[in-house]
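Here is a short briefing to read alongside the structure. Have the viewer open, and pick out the residues as they come up.

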Amino acid sequence: MSLKEKRIYIAGSSGMVGGAISRHLRDAGYRNLILPSSTELDLIDQVAVKRFFSEQKPEIVILAAAKVGGILANNQFRAEFLYNNLMIEANVIHEAFANDVEKLIFLGSSCIYPKLAPQPIIEEYLLSGQLEPTNEPYAIAKIAGIKLCESYFRQYGANFYSVMPTNLYGPNDNFDLATSHVIPALIRKFHQAKLEGASEVTVWGTGSPLREFLFVEDLAEAIVILMENTDAEAIYGQGISHVNIGCGNDISIGKLAKLIGEIVGFEGGIKFDATKPDGTPRKLLDVTRLTEMGWTATTSVEYGLRQTYDWFLKHSA
Ligand code: GFB
């Protein structure tokens, strides 16, 4: 059977990341996609996940489902970020193993690396130092997912491996100011300030942290290429448990805010609120391995931000 005919389950297909992966697979000619919504299948419910796998019998699984949020949501809802993500991973990865899934790709996050990891961050830096406290529960859950995939590979030879995307953004992002990441938050704040004729916009933290932002459509393209060409053996054979996915360059939050202000057309000033946390000072991924595997990001942050602002204007403003 050709890969295009395989039954592929994308966990999290109603979210920004899973939705983009589903679209890319469909555009590439994959026709047998299994895309239950979160109301149809609660991934925290072990019995429901077990039933789903035995009924649907997926052959490939992309695990993009997760409880996600920005720096404040991570810090505030620490129990849910740890519990929900552990349950989703344990249920899906274990049932994939129990149902002989041929390949599983688990999506983690660059916050799994130590807060003060040398830059750019190579895959080997996992578990080499203290985590950033604001997102420690989320990072611990994601590390558990990486180790679960690795353990099923090492003990049973399961073709399960992980990828670590950097900070993501794009169409269908969460624009709720209390729970969102920085890009959708600033798009909404600058847009509102422009409409209200406000004189300034408040940006959390000092503006000095550096972040690497990857457009979600680029991420989806990378995942499809990895799914088509890379097996677990190729990852673990290099002495690593996962592969980084990033664009290779970063920007300060201060510069990002200025850029978003320009794109939105806000003419006032920017005020930094240093009572809010900065989080990790810098997290730039080393993407040498991904480049060697045949993929490089192509979307500039300016273009990606314009696309995201357009989506916001149509759907969420
Ligand atoms: O995007 P963000 O919440 O994620 O914040 P992290 C990035 C930076 O932007 C931080 C600053 O230094 C924030 O203080 N920032 C400025 C803002 N204004 C705002 C704002 O209005 N909203 C938000 N949210 N930030 C998350 C982790 O960390 O990154 C997760 O907590 C996950 O676990 C995710 O790894 C990718 O990069 O700081």
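Lys57 sits in the loop between helix H2 (46-56) and strand S3 (60-63). In this predicted model, Lys57 has a positive phi of about 45 degrees although it is not a glycine. With a relative accessible area of 44%, Lys57 is partly exposed.

**Backbone features to look at**

- Most residues other than glycine have a negative phi, and most peptide bonds are trans.
- Asp100 also has a positive phi, about 55 degrees, and is not a glycine.
- You will find Asp100 in the loop between helix H4 (78-98) and S4.
- Is Asp100 buried or exposed? Asp100 has a relative accessible area of 66%, and because exposed means over 50%, Asp100 counts as exposed.
- The peptide bond that joins Gln119 and Pro120 is cis, with omega at about -10 degrees.
- Pro120 belongs to the loop between S4 and H5.

**The ligand and its shell**

- How many residues surround the ligand? There are 22, and the closest are Ile71, Lys189, Arg211, Pro277 and Asp278.
- By class, the shell around the ligand holds 10 nonpolar, 8 polar and 4 charged residues.
- Helix H3 (71-76), helix H6 (182-196) and strand S7 (200-204) each contribute at least two residues to this shell.
- H6 gives the most, with 3 residues.

**Polar side chains facing ligand oxygens**

- For Arg211, a polar side-chain atom lies 2.7 Å from an oxygen atom of the ligand.
- For Asn167, a polar side-chain atom is 2.9 Å from an oxygen atom of the ligand.
- For Asn135, an N or O atom in the side chain is 3.4 Å from an oxygen atom of the ligand.
- Taken alone, the ligand exposes 700 Å², and the protein buries 97% of that.

- Asn167 lies in strand S6, which covers residues 167-169.
- Asn167 has a relative accessible area of 17%, and because buried means under 20%, Asn167 counts as buried.
- The side chains of Asn167 and Lys283 are joined by a polar contact of 3.5 Å.
- Which residues does Asn167 touch, leaving aside its neighbours within four places in sequence? They are Ser110, Arg211, Glu212, Phe213, Leu214 and Lys283.

**Salt bridges**

- The count of salt bridges comes to 11.
- One of them pairs Glu217 with Arg23, the closest N and O atoms being 2.6 Å apart.
- This pair links distant parts of the chain, with Glu217 in helix H7 (residues 216-229) and Arg23 in helix H1 (residues 16-27), 194 residues apart.
- Arg23 is partly exposed, at a relative accessible area of 35%.
- Another salt bridge joins Lys115 and Glu132, where the closest N and O atoms are 2.7 Å apart.
- Lys115 and Glu132 are 17 residues apart, and both are placed in the loop between strand S4 (103-107) and helix H5 (136-156).
- Are Lys115 and Glu132 buried or partly exposed? Lys115 counts as partly exposed at 26% relative accessibility, whereas Glu132 counts as buried at 4%.
- Arg282 forms a salt bridge with Asp250, with the closest N and O atoms 2.7 Å apart.
- Arg282 lies in strand S13 (residues 282-283) and Asp250 in the loop between strand S10 (242-245) and strand S11 (251-252), so this pair ties together parts that are 32 residues apart in sequence.
- Arg282 is partly exposed at 30% relative accessibility, and Asp250 is partly exposed with a relative accessible area of 22%.

How values were computed
Residues numbered from 1 in each chain as written. Predicted model: local features only at pLDDT ≥ 70, side-chain atom pairs only at ≥ 80, totals over all residues. Heavy atoms only, no water. Near = heavy atom within 4 Å. Polar contact = N/O pair within 3.5 Å; in protein donor to acceptor, adjacent residues only side chain to side chain. Areas by Shrake-Rupley, 256 points an atom, 1.4 Å probe, with all protein chains shown as cover. Helix = DSSP H or I, 4+ residues; strand = E, 2+ residues; numbered from the N terminus. Nonpolar A, V, L, I, M, F, W, Y, C, P; charged D, E, K, R; others polar. Buried < 20%, exposed > 50% of the residue type's maximum accessible area, 1.4 Å probe, protein only. Contact = heavy atoms within 4.5 Å. Salt bridge = Lys/Arg side-chain N within 4 Å of Asp/Glu carboxyl O.
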